Amino acid sequence: MIEKTGQRWRLRFRTEGLKETLMAWLMLAPAAIGLTIFLIVPFLMAFQLSLTDTRLLSPNPPQFVGLENYRQLLRIHVIWMEPLKDPATGEVQRDEQGQVLYPRPRTILRSDPRYEGLSELAQVHLFGQRFLLAAGDPTFWRGLLNNFYFALVVVPVQSAFALLLAVLVNQKIRGVHLFRALYFMPVVVPMVVVAVIWFFLYNPGVGTINAFLKAVSLGRLGPFNWLGDPRLAFPSIMLLSIWQGVGFQMVIFLAGLQEIPGELYEAAEVDGCNELQKFFYVTLPQLRNTTIFVVVATTILAFQLFTQVHVMTGGGPGEATMTTILHAVREGRYQLRAGYASAITVVFFLIVLAVSIVQRALMREERAIE
Amino acid sequence: MYGKKWILLGLLVVLTLVASACRAMTPTPAPTTAPAQPTPPQPTAAPSEGPVTIDVWFHSGRGGERDALMKIVQRWTDPNIRLNLVELPEGDYNQQVQAAAVAGQLPCLLDFDGPFVYNYVWGGYLIPLDTYFTGDELADFLPSIIAQGTYRDGRLYSLGQFDSGLAIWARKSYLEKAGVRIPTIEKPWTGEEFNAALEALAALPETEYAIDLKMNYAPSAPSEWLTYGFSPVLQSFGADLIDRQTYRTAEGVLNGPQAVAAMTMIQGWFQKGYANPRAATDDCFTSGKCALAWVGHWTANDHIQAVGDDLLLLPMPDFGTGPKTGMGSWNWGITSACKHPEAAAKVLKFILEPENIKTMTDANGAIPARISVFEADKRFAPGGLLHTFVAQLKAGWGVPRPITAAYPTITAAFSTAFRNIADGADVQTELDKAVDKIEADLKANNYYQ
């Protein structure tokens with residue numbers, strides 16, 4: 001009798017457990033299938049492609065080339081540069097200012113078959129000597145450097161700006177909803193559209209930004225060639241990216257702000273805090289988890305930088321706005337080197353993964369302090 | 001236990017999906033058969049099969065080209081062949097066609113910009129047209145059009161409705177006001193004269209810039225305009241895009257002293273403010289803010305409308321080794337994926353009928369590809385506004401773009417260098433980079449043997 005009841009109970013438990021597992025799988029399925037089809041499988045295929053010399057449109061069948069693509073991508077040589085010498089006297093040649101003259105990097109790289117496939121990445125002075133840094137793919141390094149530069153500037157600036165906006169639109173004043181909507185609007189506009197509009201705003205001839213600067217400075221400022229000047233192009237891209245993305249972070253911060261219990265502020269007031277102290281000792285600590293999320297999300301978005309530069313500058317002028325993703329797309333789509341482009345994406349994936357892991361590790365530590 | 005089974009089942013479902021996704025995503029391998037084999041004439045679709053549909057892709061061009069093609073297609077009356085017209089934006093047209101080729105989704109009939117035909121032939125994506133056209137039919141086409149479509153074993157792979165014209169549009173009143181001599185085919189501007197003219201025209205109070213180099217076509221590289229429009233300057237300086245003897249190297253040709261001199265001069269035009277390297281709008285010449293416009297035939301009607309009787313079409317300057325101009329234009333080919341090549345050839349023949357060519361060239365100002373159409377067009381006769389285009393080609397100034405399957409890489413490398421040089425980059429460095437890119441590509445493709 002007792003046994004029977006027990007069995008029945010166990011049976012019910014089993015069916016419920018089964019139902020739960022089934023539900024869990026059902027709930028998981030859309031994300032799992034999506035991730036598998038659109039992320040895991042393409043990544044595995046990219047890895048497979050990266051080991052071949054697959055070229056689109058080519059009548060030659062793809063060949064397995066092992067790690068050759070990776071070798072070309074990551075190859076870096078440091079070459080000591082010998083100063084130019086006068087053939088007659090054997091003396092080091094100097095220009096009018098007394099600077100030592102060196103041969104052109106390309107002459108050095110073309111003189112030795114060991115250097116085949118290398119191009120100049122940079123020249124460095126060390127201990128009074130000059131060294132040539134030559135890489136198999138200087139554009140890749142330039143793009144990677146730009147990605148980090150972009151993340152380093154955009155992540156803190158955009159997050160801080162978003163917090164400022166969030167605090168502003170969190171005020172209990174009339175018409176604040178209008179401002180919230182206005183600040184959020186650029187997020188809803190597709191990046192391609194934003195890029196095209198800003199392309200015209202930045203134009204040195206007919207652009208609004210130059211006209212504005214000229215007007216407020218009474219003709220003393222500009223015209224600036226925003227996208228054509230190598231020094232201005234990347235900051236210009238950063239500015240529009242921050243403008244486009246800031247609304248999204250603002251909304252997240254806003255949600256965080258509204259979670260903070262009012263009692264904390266009342267207590268702070270009782271303790272005699274001024275507004276600034278309230279912000280630094282109540283608001284900021286309370287927003288820590290929100291901030292972590294914003295920083296991680298912005299970092300990942302920053303590394304995906306592509307649309308703006310593809311539409312507005314194509315990586316130029318020179319390689320001032322080149323990014324890794326843009327480089328991969330160019331190699332794959334314009335140079336038709338599908339194998340090599342895949343190698344770029346695999347390496348880039350590993351780098352972004354490493355950045356994410358480091359970030360996560362740092363943030364866990366913060367939590368541990370709590 | 002049940003849980004495990006469900007996990008297994010779930011995994012199985014996922015794996016099946018993955019497997020099918022894999023199969024769907026594997027790119028169709030490029031046809032590896034030799035493309036030069038003549039296609040054996042296949043029996044035409046029996047009437048009982050009903051009408052066949054021919055997919056036609058074309059670039060939505062500038063000027064009235066699109067409207068003209070629409071008009072032409074509306075004249076099509078054959079009930080047995082239905083046309084399915086797909087229009088793709090010009091900016092990324094070549095990339096879209098390439099993507100379709102890789103995916104095995106090419107249409108029957110499509111157009112492509114001039115020298116891209118050789119790469120498609122090399123890849124085995126086009127079939128020869130000479131089996132569908134008789135010698136008499138082909139005799140009516142301009143020699144430059146036949147030359148453009150001929151590759152591999154001397155077979156014809158493409159035909160166009162028109163050839164292009166590249167020259168300098170001018171406002172006569174501006175030239176007279178600045179005291180600039182009006183050049184002729186017999187006595188074109190020298191390089192010095194041209195540079196002096198730019199300086200004088202830039203100084204006019206009416207102008208913002210002396211010349212519109214249509215940099216708005218190329219906000220970023222690669223861009224076919226930069227190669228088409230400005231490789232004639234290289235050639236007039238005695239340089240070129242690639243060594244045309246061997247088609248195996250560009251060293252010393254694209255980065256030699258003549259090429260550096262040519263590109264340094266062009267960079268000077270931007271730096272001295274004669275031309276806008278970052279033009280955003282298309283109307284500098286038509287609005288009167290530019291005295292000259294360095295651009296092809298496709299702007300003809302816009303210019304005639306805006307400038308009227310003040311409009312001149314001037315021949316290209318001589319920068320040292322004789323004046324040079326561009327040639328070649330959009331042309332049509334039939335793909336090897338086409339199931340009904342005869343029907344496609346019928347459609348192509350229709351597009352190339354004199355009446356239809358005239359509709360197109362009336363709209364875009366290009367040189368009609370058929371001699372009969374071209375001779376009947378008064379605009380190209382001596383004294384006609386567009387006569388300069390014809391006179392330049394007759395004088396032998398036209399230089400075809402490199403006839404090689406490496407062309408897509410060559411144009412990408414050169415136009416990227418041009419874009420950067422216009423923005424102020426070091427000329428020698430940029431040209432060296434372009435040469436390195438071209439050579440790496442040639443090597444990687446075994447010189448497109």
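Predicted model: local features only at pLDDT ≥ 70, side-chain atom pairs only at ≥ 80, totals over all residues.

At the interface, 45 residues of chain B are in contact with 40 residues of chain A. Putting the two chains together buries about 3900 Å², and carbon and sulfur atoms give 60% of that area.

Nine salt bridges are counted between chain B and chain A. One of them joins B:E439 to A:R110, with the closest N and O atoms 3.0 Å apart.

Which helices of chain B each supply at least two residues of the side that touches chain A? The table lists them with their residue ranges.

| Helix of chain B | Residues |
|---|---|
| α1 | 2-25 |
| α3 | 93-102 |
| α4 | 117-122 |
| α16 | 407-422 |
| α17 | 427-444 |

Of these, α1(B) gives the most, with ten residues. By class, the side of chain B that touches chain A has 24 nonpolar, twelve polar and nine charged residues.

Now to the helix pair. In chain B, α9 (residues 224-236) packs against α16(B) at an angle of about 80°, and their axes lie 9 Å apart. Therefore α9(B) is roughly perpendicular to α16(B). The α9(B) side of the contact includes B:L226, B:F230 and B:L234, while α16(B) brings residues including B:Y407, B:F414 and B:F418. Sorted by class, the residues of this contact are six nonpolar, four polar and two charged.

Terms used:
Residues numbered from 1 in each chain as written. Chains lettered and ligands numbered in written order. Heavy atoms only, no water. Contact = heavy atoms within 4.5 Å. Buried area = accessible area lost by both parts, 1.4 Å probe. Salt bridge = Lys/Arg side-chain N within 4 Å of Asp/Glu carboxyl O. Helix = DSSP H or I, 4+ residues; strand = E, 2+ residues; numbered from the N terminus. Nonpolar A, V, L, I, M, F, W, Y, C, P; charged D, E, K, R; others polar. Axes fitted to C-alpha atoms, helices over the stretch in contact; angles between N-to-C directions. Parallel < 35°, antiparallel > 145°, perpendicular 65-115°, else oblique.
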